[in-house]
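The sequence and the structure come first.

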Amino acid sequence: MRLAIIGGTGVYDPEILKDVRQETIDTRYGAVTLQVGSYAGREVAFLPRHGAKHSVPPHRINYRANIWALKSFGVERIIATSAVGSMNLDMKPGDFVLLDQFIDFTTGRETTFFDGDEQGVVHTDFTEPYCPEVRQSLGEAARELGITLHRRGCYVCTEGPRFETPAEIKAFRLLGGDLVGMTNVPEVTLAREAGICYATVALVTNFAAGISPEPLTHEEVVEVMQQNMENIRELIMRALEILPAERNCRCGHAMNHS
Ligand code: HPA
């Protein structure tokens, strides 16, 4: 089975992989270059979400091409990293969170592979948006490594690229959001449509606007990610080692509607 790591802000290198080669995959949505190597006896593709030099902003990421390319390459499980702001005072900068729910506030993205016509009309179940089995392995890895990780967290996805206003953060908190970011949707939904298991390990880089006493900057987000890089790497490495060989979740069957 092939796996993939989608690296978010601050995670641009497939450092943990051996014998890395590049593979460019053409999809109907555009070409995607994967860096492919091996770890723990498995073939792993690495994809930096914002491009190798962080040049693609959240609202311009070609999410459909990325997920389609991983699907064509035979990937069955994705571990994604994500920098997030926190609006839950228990989830502090430097803490990891395994997302378990999301609320979508994006406004201008291509969110589905099923656009009608020949692709058909498809309504996908999202009762459990993130793969329970991959989340379980990440949680277990954090426990073994002694890394602070919250097992649940509700992610609010904004369109970006601007940060939020304090009024928006106040509203998102009232709605039940714990964390805010700009990229998890539609990545997570497209993965499910493609039948790929998907889990995000989010790292809190800052308290969200209006909770943080200072104005927010991208530099601070990158800095906190870099300070925690060793933990991110170890967490993913251990999770890759302990993931069960076979999938026992329902992610791969989500599209079996008929
Ligand atoms: N808001 C949106 N996205 C983010 C934040 C934030 O506060 N921190 C890191 N990514």
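**Rings, ligand site and backbone**

R2 lies over the face of F73, 4.0 Å from the ring centre; a charge counts as over a ring if NZ of Lys or CZ of Arg is within 6 Å of the ring centre and within 35 degrees of the ring normal. The model is predicted: local features need pLDDT of at least 70, side-chain atom pairs count only at pLDDT 80 or more, and totals for chains, interfaces and linings use all residues. Residues are numbered from 1 along each chain as its sequence is written, and side-chain values use heavy atoms, with hydrogens and water left out.

**Aromatic pairs**

- Rings of Phe, Tyr and Trp (its six-membered ring) pair if their centres lie within 6.5 Å, with planes under 30 degrees apart counted as stacked, over 60 as edge-to-face and the rest as tilted. By this rule there are six aromatic pairs.
- W68 and F113 have ring centres 5.1 Å apart and planes at 70 degrees, so this pair is edge-to-face.
- W68 lies in helix α1 (residues 63–72) and F113 in the loop between β7 (101–105) and α2 (132–145), so the pair ties together parts 45 residues apart in sequence. Helices (H or I, at least four residues) and strands (E, at least two) are DSSP runs, numbered from the N terminus.
- W68 is partly exposed at 28% relative accessible area, while F113 is buried at 6%. Buried means under 20% relative accessible area, exposed over 50%, and partly exposed in between (1.4 Å probe, protein chains only).
- F105 and F172 have ring centres 4.9 Å apart and planes at 40 degrees, so this pair is tilted.
- F105 is in strand β7 and F172 in helix α3 (residues 166–174), so the pair ties together parts 67 residues apart in sequence.
- F105 is partly exposed at 37% relative accessibility, and F172 is buried at 7%.
- Y29, W68 and F113 are linked by ring pairs into a cluster.

**Ligand site**

- Residues around the ligand include A83, G85, F163, E164, M182 and N206; a residue is near a molecule or strand if one of its heavy atoms lies within 4 Å of it.
- A polar side-chain atom of E164 lies 2.8 Å from a nitrogen atom of the ligand. A polar contact is a pair of N or O atoms within 3.5 Å; within protein, one must be able to donate a hydrogen and the other to accept it, and residues adjacent in sequence count only if both atoms are side-chain atoms.
- On the backbone side, an N or O atom of A83 is 3.3 Å from a ligand nitrogen atom, and a polar atom of G85 is 3.2 Å from a ligand nitrogen atom.
- Of the 260 Å² of accessible area that the ligand has on its own, the protein covers 95%. Accessible areas come from the Shrake-Rupley method with a 1.4 Å probe; for residues, only the protein chains shown count as cover.

**Helix α4**

- In helix α4 (residues 184–193), ten of its ten residues are buried.
- E187 lies in α4 and is buried at 2% relative accessibility.
- Leaving aside neighbours within four places in sequence, E187 is in contact (heavy atoms within 4.5 Å) with I6, R49, Y63, I67, A80 and Y198.

**Backbone geometry**

- Most residues other than glycine have a negative phi, and most peptide bonds are trans.
- Cis peptide bonds join G160 to P161, with omega about -5 degrees, and V185 to P186, with omega about 15 degrees.
- D19, which is not a glycine, has a positive phi near 50 degrees.
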